[in-house]
Every structure is written in structure tokens, then in C-alpha cells.
Amino acid sequence: MEETITWQDFSKIDMRVGTIVAALDFPEVRNPSYKLHVDFGDEIGIKKTSAQITERYKKEDLIGIQVTAVVNFPKKQIANFMSECLILGAVDNSSVVLLQPQMKVPNGLKIS
């Protein structure tokens, strides 16, 4: 287990549900990845990110699925691409399983 945090630390993390609307190959990176565009609803809009999820997911199967992501990290450049959010997943070595709501919910819904 990592270092413990306070409730105040946790409350700074803005996690939301969004729907993947585009999944593109990302050949410029070392580790196989996709470029993803995720719709977080009217308040936040569409954010881009990259994800090393090619081992379990085909890009055509990702379109339309809902995911959970942190939307208030600063932008991060990955190769020639600017990542704007972090999709959450359960990681087992290099294999990632995306965290998804059990039922369809409105895009932008806050996780708490």
C-alpha cells in the first residue's frame, strides 16, 4: 500500500465518467498504445488521452464504452500528443482492465 492521504487530498481529485468517442493507433510511442478521445459531457467536453490497453482491447470495440478518468491533471506530452486526462484501470504487469460503471450513466458524472 502506498502512503496514506487525507480526505482533503482525495477531494482534490476530479474523477468523472466519460464515453470513448474515438480510438486511434499511436505508432509514435515505445509501448503499444491508443490515442483516445473521451466525451465528458457539456461541462467538460471532449478530452484526449493515450492508453496502453492494446493487449486486452481492440480500438473498434472501445467506441461507445464508458470509462472512469481523472480530468484535473495538468496536460502531459507523450511523444507528439498532449494527454489531457488519465483513464483509470486495474493493472496487472502490462495488462490493463478499464474501470467502467456497472450501468450507463450521464457523461461527466462525478465519482466520489
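Predicted model: local features only at pLDDT ≥ 70, side-chain atom pairs only at ≥ 80, totals over all residues.

Biologist: Which residues is Val17 in contact with, leaving aside neighbours within four places in sequence?

Modeller: Phe40, Gln66, Val67, Pro101, Val105, Pro106, Asn107, Gly108, Leu109 and Ile111. Take Val67 from that list. Val17 and Val67 are 50 residues apart in sequence, yet their C-alpha atoms are 5.6 Å apart in space.

Biologist: And Thr68? Where does that lie?

Modeller: In strand β4. Thr68 has a relative accessible area of 9%, so it counts as buried. Beyond its neighbours within four places in sequence, Thr68 is in contact with Arg16, Leu86, Ile87, Leu88, Leu99, Pro101 and Ile111.

Biologist: Now the nonpolar core. How many residues are in the largest one?

Modeller: The largest nonpolar core has 18 residues. Leu36, Ile53, Leu62 and Leu98 touch the most other members. Two or more residues each come from β1 (15-25), β2 (34-39), β4 (66-70) and β9.

Biologist: Which element gives the most to this core?

Modeller: β2, with three residues. As a general point, nonpolar side chains in soluble globular proteins tend to be buried together.

Biologist: Say more about Ile53. What is it in contact with, leaving aside neighbours within four places in sequence?

Modeller: Tyr34, Leu36, Leu62, Val96 and Leu98.

Biologist: OK, aromatics. How many aromatic pairs are there?

Modeller: Two aromatic pairs. One of them joins Trp7 and Phe10. The ring centres are 5.3 Å apart, with 45 degrees between the planes.

Biologist: Why does the Trp7 and Phe10 pair count as tilted?

Modeller: Because the angle is 45 degrees, and stacked needs under 30 while edge-to-face needs over 60.

Biologist: Where do Trp7 and Phe10 both lie?

Modeller: In helix α1 (residues 7-11). They are three residues apart, about one turn of the helix. Trp7 is exposed, because its relative accessibility is 66%. Phe10 is partly exposed at 26%.

Biologist: Last topic, backbone angles. Which residue other than glycine has a positive phi near 55 degrees?

Modeller: Ala79. Ala79 is in the loop between β5 and β6 (81-83). At 40% relative accessibility, Ala79 is partly exposed. Asn93 also belongs under this topic: it is not a glycine, but its phi is positive, about 60 degrees.

Biologist: Where does Asn93 lie? Buried or exposed?

Modeller: Asn93 is in the loop between β8 and β9. Its relative accessibility is 74%, so Asn93 counts as exposed.

Terms used
Residues numbered from 1 in each chain as written. Heavy atoms only, no water. Phe/Tyr/Trp six-rings, centres within 6.5 Å; stacked < 30°, edge-to-face > 60°. Helix = DSSP H or I, 4+ residues; strand = E, 2+ residues; numbered from the N terminus. Buried < 20%, exposed > 50% of the residue type's maximum accessible area, 1.4 Å probe, protein only. Core = buried A, V, L, I, M, F, W, Y, C linked by side-chain atoms within 4.5 Å. Contact = heavy atoms within 4.5 Å.
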